[in-house]
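Colleague: Hi, could you walk me through this one? I'd like the overall picture and then a few residues.
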Amino acid sequence: ATVPGVATITSATPGDQTASIAFTAPASDGGAAITDYEYELDASGTWVSFGSTSSPATITGLTNGQTYAVSIRAVNALGAGAGSTATNVTPATVPGVATSLSATAGNGSATISFTAPASDGGSAITNYEYTLDSGVNWTALNPADATSPVTVTGLTSGTAYTIALRAVNSNGAGTASSPVNVTPATVPGVATITSAT
């Protein structure tokens, strides 16, 4: 018997500080059963056991937003086979929470100023969504707007609204912000003179 052949990574799916690595077994186990798979990050020369022979296997403890080159190798009683061709993966999650909201009333609109989330989750924030009903329904800003302030339109002047925001990136929407209250308004309409005596 000898060490196993080369395994093949079929996909690398990013998660929150993790990566799920799907793979196919080597064409040859070397004549001895494969007992483990190991992974290496960025050609570091350090191989870490998955502790499993099942695909997919998960790598933990990664940094969101950082791209890793992942290689794996099969292990049997004779030792470890050669490493696979590396596959890149960038762990990421949804953004954090926008804070410090303040609202300025407009005519049928509200302009919301805020502080962006401390973390974009490892993927750039592309838009914000707002809710007028405590998170039951969310509406994406259209056109998309990823910087403060943002403007919510289609409101009724004279009606009080409670508005919250949440940031969106390629992984989805983050947690809702604390809400802010605003009543859109404008100047009065035109009075009508009925007589002049």
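This is a predicted model: local features need pLDDT of at least 70, side-chain atom pairs count only at pLDDT 80 or more; totals for chains, interfaces and linings use all residues.

Colleague: What does the C-alpha trace span along its principal axes?
Modeller: The spans are about 115 × 25 × 20 Å.

Colleague: What about contacts along the chain, how many of them join residues at least 24 apart?
Modeller: Counting contacts between residues at least 6 apart in sequence, 62% join residues at least 24 apart.

Colleague: Now a sheet. What is the strand order in the open sheet of three strands?
Modeller: The order is E1-E2-E5, and the pairing is antiparallel. The edge strands are E1 (8-14) and E5 (57-59), each pairing on one side only. From one strand to the next, the twist averages 30°.

Colleague: How many bridges join E1 to E2?
Modeller: Six bridges join E1 to E2, which covers residues 19-24. Pro14 stands opposite Ala19 in E2.

Colleague: Remind me, how do strands of a sheet pair in general?
Modeller: Strands pair through backbone hydrogen bonds, either parallel or antiparallel.

Colleague: Switching topic: where is Glu129, and is it buried or exposed?
Modeller: Glu129 is in strand E11, residues 127-131. Its relative accessible area is 16%, so Glu129 is buried, as the cut-off is under 20%.

Colleague: Which side chain does the side chain of Glu129 make a polar contact with?
Modeller: That would be the side chain of Arg166, at 2.6 Å.

Colleague: Which other residues does Glu129 touch?
Modeller: Leaving out residues up to four places away in sequence, Glu129 touches Trp138, Thr139, Ala140, Ala164, Leu165, Val168 and Ala173, as well as Arg166.

Colleague: Last one, Ser178. Where is Ser178 found?
Modeller: Ser178 is in the loop between strand E15 (172-173) and strand E16 (180-182).

Colleague: Is Ser178 buried or exposed, and what does it touch?
Modeller: Ser178 has a relative accessible area of 56%, so it counts as exposed, the cut-off being over 50%. Not counting residues up to four places away in sequence, Ser178 touches Leu101 and Ile163. The C-alpha atoms of Ser178 and Ala164 are separated by 6.1 Å, with the two residues 14 apart along the chain.

How values were computed. Residues are numbered from 1 along each chain as its sequence is written. Side-chain values use heavy atoms; hydrogens and water are left out. Helices (H or I, at least four residues) and strands (E, at least two) are DSSP runs, numbered from the N terminus. Buried means under 20% relative accessible area, exposed over 50%, partly exposed in between (1.4 Å probe, protein chains only). A polar contact is a pair of N or O atoms within 3.5 Å; within protein, one must be able to donate a hydrogen and the other to accept it, and residues adjacent in sequence count only if both atoms are side-chain atoms. Contact means heavy atoms within 4.5 Å. Two strands pair if DSSP finds at least two bridges between them. Axes are lines fitted to C-alpha atoms, for helices over the stretch in contact, and angles run from 0 to 180 degrees between N-to-C directions.
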